Amino acid sequence: MKKEVTMTDIAAKVGVSVVTVSKALSGKSGVGKQLREEILSEAERQGYIPAESKRAEKKQIVVGVIVAERFISEKQSFYWKMYQELSQEAMRHEGFSLFEVVSGEEELACEVPKILRFKKADVLVVLGVFHRSYLTMLNEQSEIPLFSLDSVYEEVDGDAIIVDNSMGGYLMTNYLLERGHEKIGFVGTLHMTPSIDDRYLGYYKAMVLAKKTVEQSWIVDDRSTETGKVGAEGTLCLPDPENMPSAFFCNCDFTARLMIGKLKEAGYRVPEDISVVSFDHYLPEENPEVSLTTYEVNMKAIVRQMMTLIKARLEETDWPFCTILARGRLIEGNTVREITR
């Protein structure tokens, strides 16, 4: 039986790296015209069959998914739930998925994930946030199409689907403004994830357009800048009682629940004294006494869009990369009080 020609065979013959061969064959930048032509010529001479042609013979699409370990825990299982939805959607399209949790050590060392190393998937979905050096490594080492889910990065040559975080942050803040709140705080550690930053920008936009002041003391950290742990020691520190906002926009529901606990410990009632809104509409363990006013992220709709995008990309590799913004909707609960003048 004739041995299947691989990129490694082509690289060895031309005298370049596998990454260079991958870039040349996929049309990525970073390879000179003369070298690209030499690689393409050698690939044709050896009878190399592109991955796209191999996939055309397959009946199933194998979707690889990676997520950073710090985002998968018993209490912070938003991404675990999103993966489950994506897995079910892949099966609905007669495919299946592979899931890999990347440890903190592997991420810092920029180790190639096993899904790529053992060539087990047709596409790789980057779920959530990774360090930029790790993303650069993925972009250089991946021989299959890359997709980003819930984040988008300039380091990755691939398609992305994200929630319209900025619009959501604007709507939730504006909701509070319309109910008479003028001193509104934001709960979330900036420069940790693109989603937190974008939700803050939406909050800030709403405050500026309403000509309301945003004081630095109203920006409350919710997680450690070192470990990323939400509610870590030294976080969720309330502003001075003399300058306490009448409402807070929390970057996610889990943070909102912790913030409500902190407020109650300090003697404040929610919503009688202080109102709270948040983002995601996802808490694994519901509190029957608290129904958060939040911005719902429709996971099922997002993963349906992702599978549609994956299939389209596998059928047509030459079209420009795209980023899809998925809007959510406001869900009213019992954590906001209207202020009357």
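Predicted model: local features only at pLDDT ≥ 70, side-chain atom pairs only at ≥ 80, totals over all residues.
## Packing of helix 5 and helix 12

Helix 5, spanning residues 78–92, packs against helix 12, spanning residues 299–315. The two axes lie 9 Å apart and form an angle of about 50°, which means that helix 5 is oblique to helix 12. The crossing of helix 5 past helix 12 is right-handed.

On the helix 5 side, the contact is made by F78, K81, M82, E85, L86, E89, A90 and R92. Their counterparts in helix 12 are M299, K300, V303, R304, M306 and M307. By class, the residues of this contact comprise eight nonpolar and six charged, with no polar residue.

A206 belongs to helix 10, which covers residues 194–209. Its relative accessibility is 1%, and A206 therefore counts as buried, the cut-off being under 20%.

Apart from neighbours within four places in sequence, A206 contacts Y170, T173, N174 and L177. L177 is 29 residues away from A206 along the chain, yet their C-alpha atoms are separated by 8.4 Å. In an α-helix there are 3.6 residues a turn, so residues three or four places apart point the same way.

## Helix 2 and its cover

Helix 2 runs through residues 18–26, and its buried residues are V19, T20, V21, S22 and A24. The elements covering these buried residues include helix 1 (7–14), helix 3 (33–46) and helix 8 (132–141).

After helix 2 comes G27, which has a positive phi, near 80°.

Technical notes. Residues numbered from 1 in each chain as written. Heavy atoms only, no water. Axes fitted to C-alpha atoms, helices over the stretch in contact; angles between N-to-C directions. Helix = DSSP H or I, 4+ residues; strand = E, 2+ residues; numbered from the N terminus. Parallel < 35°, antiparallel > 145°, perpendicular 65-115°, else oblique. Left-handed = near helix turned anticlockwise from the far one by under 90°. Contact = heavy atoms within 4.5 Å. Nonpolar A, V, L, I, M, F, W, Y, C, P; charged D, E, K, R; others polar. Buried < 20%, exposed > 50% of the residue type's maximum accessible area, 1.4 Å probe, protein only.
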